[in-house]
Amino acid sequence: MRASPTAPAFLLLSLVLLPFAGAHAAVLRGTVVNARTNEPLANVNVVLQGARLGAASDSAGRYEIKGITPGEYNVQASSLGYRKVVLYEIAVSNARPAALDITLDEEPIVADSVLVTASPFRKTDESPLSSRTLGAAEIDRFPGGNRDISKAVQSLPGVGSTPNFRNDLIIRGGAPNENRFYIDGIEVPNINHFATQGSSGGPVGMINVNFVREVNLLTGAFPAGRGNALSSIMDFQMKDGNNGKLATTATVGISDFGLTLDGPLGDRSTFILSARRSYLQLVLKALGLPFLPAYNDLQFKTRTRLDERNEITFLGLGAIDNFTLNDSASDTEINRYILEQVPVNSQWNYALGGTWKHFNENGLVQLVVSRNQLHNDAIKYFRNQDSDPSKLVLDYESQEIENKVRLERATRRGAWRYSYGLGVESATYTNHTYEKRAIQSGLAVVNFDSRLTFGKFSGFAQASRSSRDERLTVSVGARTDFTDYSSAMGRPLDQLSPRLSASYALTDRLSLNFNTGRYYQLPAATVLGFRDSLGALVNKGNGVKYIRCDHLVGGLELSSSTNSRVSLEGFYKRYADYPFLLQDSVSLANLGADFGVIGNAPVVPTSRGRSYGLELLAQQKLYNGFYGNLSYTFVRSEFTARQGEFQPSAWDNRHIFSMTGGKELGRGWEIGGRWRYLGGAPYTPDNVELSSRVEVWDARARGVPDYALLNTRRNGPLHQLDLRVDKKWFLRGSSINLYAD
């Protein structure tokens, strides 16, 4: 159970529960398998760092460590002929045995030379740099994060955000819609409640951290098997349900409450299920605020091991969001302003998927089938005072549906490692739009209905090899994406996406890393499906293309045996064929961090962009009770304006600094803090003359940006300080975590 109470309640509950608390012994168990063949591994040493406790796996790969004091531990697994792996901050409680399955990669044994010491921070051949990992415990305790994954990710280098309560991720100067999300290999287009259609952000995360084992963020060096991203790929690795008995986790916070169940479904299957419901609307109404958001989400995962060679996983994630207005909150000028200009919005979405994995002697065959759907409604009347049809300003209804199949194979031949596969998608997009829209020349009425069905196709291959002494690793790959939407985007070679990564160990602890690649992203369905009043696909006629981005990244990484590392990376990104909004004369790359819809307008593929910078990370994973991250990013982000000249983009923060850390004090107490500095981003001032027109103000109820002065002003910097105190109790058969943040 987790909560964020007031300080008096926090101290009172500490005194009440203290006589009943105790350090009852906990258990950690699981199975160790070969990552390539899924075969169980015997005689693997599994130890808890700093606890002097461990066990060896038996002939079936099973291990069990008993007599553990409840808490969080780094778990290390090692065996001759396999790479040592460290899994950080695994929570172990006496409420139930903790389950942790471990996979080990094979490592060559060289008799006449010394192998490079494996870094405790995992990295792949395809992505030897620009890769960061957050564990569930790091997300759970992140100060100021409210257990929201996107908030915790903001502590990593290269990650900017907007200076408000939203979850838009600005990665290395790219727009929020340039990020892609995968859950256990299944693509999930949206991970936020109240998502901006055509982009990826929102105010509240959908994914319950109780489900998460770890989150891997790639800000470059994308593997060939992951496409349609220009700035980042976020890969969520989810927990399996425990195979012992049914367990329950209840979470109570300032905005919502949730319940998580997990346990066995027979001898070979497990499940984990969670549901959350917000009561934020009740809190905001009591505070007299004019907007009342309410959200609900449900997610599940099942895993069935058919035998040692085959397993099937099903998972789902869905949400229902409603945004209403509090008409009684009209007592102040700012409240009346908000009530007049915010539309009433409702939205629901889901993603469902299944994965079949087949292991053989040489590797893995994986089939992924999924479906996702988004339904988005918004309506607004003049001043939102009544529903008179003659005063209608906005009536919007849209759906996006995607059905996806992906088949991929990973195999090994001697020193070479290969992966390759194919993907097919069917997409359907519908849109009804009636909107009185302010443009630079005045007020325009947009009124159309659109239905669009098209296919998307992909193919990829990647090959990697390490030198005999493991010092040099090289990976080369290629990918193509194409669609039958138009002939301009239907030629596979036009979207050929090569990439090259290399890593060289200068010493046992210091490595030099490099990547370059060309990546493509299909414009949002809102762009592809926009029609005029006669029903013509406007942007198809305007020759819209896949957006292209070339990456060049290089850096150094120094790791230590005390779970720490320091890395320095430089990056350069070059954009081409970005959609340029004709009516507003602004690149779509400048939009996407606000509510509503972006891209539902005529565009041409003429915008260009560039971003470049430097990132520094000093990271200490849990060691002797201490953990911390220090990151600094210098970034410049520029896109072309109406005359084709480069100007600072809306994401040109320049300097981003984050410092996060904490200490376990013993007896269940823990303190943590975060300080963040976000350089002031540019903004566009309002067009006073246009905004002052009665018909324009009646339609928008707010100012109209003057894109002739695009991003010529700059906000001041943002400083944010968060402090947090946790207290944990481990009772007989249950545990409680109470925190003040």
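Predicted model: local features only at pLDDT ≥ 70, side-chain atom pairs only at ≥ 80, totals over all residues.

Start by selecting Glu435, which is partly exposed at 22% relative accessibility. Here "buried" means under 20% relative accessible area, "exposed" means over 50%, and "partly exposed" is what lies in between (1.4 Å probe, protein chains only).

Residues are numbered from 1 along each chain as its sequence is written, and side-chain values use heavy atoms, with hydrogens and water left out.

Next, select Asp550 and Arg518, another salt bridge, at 2.7 Å from N to O. Asp550 sits in strand S32 (residues 547-559) and Arg518 in strand S31 (residues 510-521), so this pair ties together parts 32 residues apart in sequence. Strands (E, at least two residues) and helices (H or I, at least four) are DSSP runs, numbered from the N terminus. Asp550 is buried at 12%, whereas Arg518 is partly exposed at 26%.

Stay with S32 and pick Leu556. Is Leu556 buried or partly exposed? At 37% relative accessibility, Leu556 counts as partly exposed. Leu556 belongs to a nonpolar surface patch of about 880 Å², along with residues including Leu472, Phe514 and Tyr572. S29 (472-483), S30 (496-505), S31 and S32 each give two or more residues to the patch, and S29 has the largest share, three residues. (For a nonpolar patch, residues have over 30% relative accessible area and no salt bridge, and side chains of Val, Leu, Ile, Met, Phe, Trp or Tyr are joined within 5 Å.)

Now jump to Asp240 and Lys301, whose closest N and O atoms are 2.8 Å apart in a salt bridge. Asp240 lies in the loop between strands S18 (232-238) and S19 (247-252) and Lys301 in strand S22 (291-305), so the pair links parts 61 residues apart in sequence. Lys301 is buried at 7%; Asp240 is partly exposed at 28%.

Last stop: helix H5 (residues 333-341), where Asn335, Ile338, Leu339 and Gln341 are buried. Among the elements covering them are S22 and helix H9 (694-700).

How values were computed
Salt bridge = Lys/Arg side-chain N within 4 Å of Asp/Glu carboxyl O. Contact = heavy atoms within 4.5 Å. Patch = residues over 30% accessible without salt bridge, like charges linked within 9 Å, V, L, I, M, F, W, Y side chains within 5 Å. Areas by Shrake-Rupley, 256 points an atom, 1.4 Å probe, with all protein chains shown as cover.
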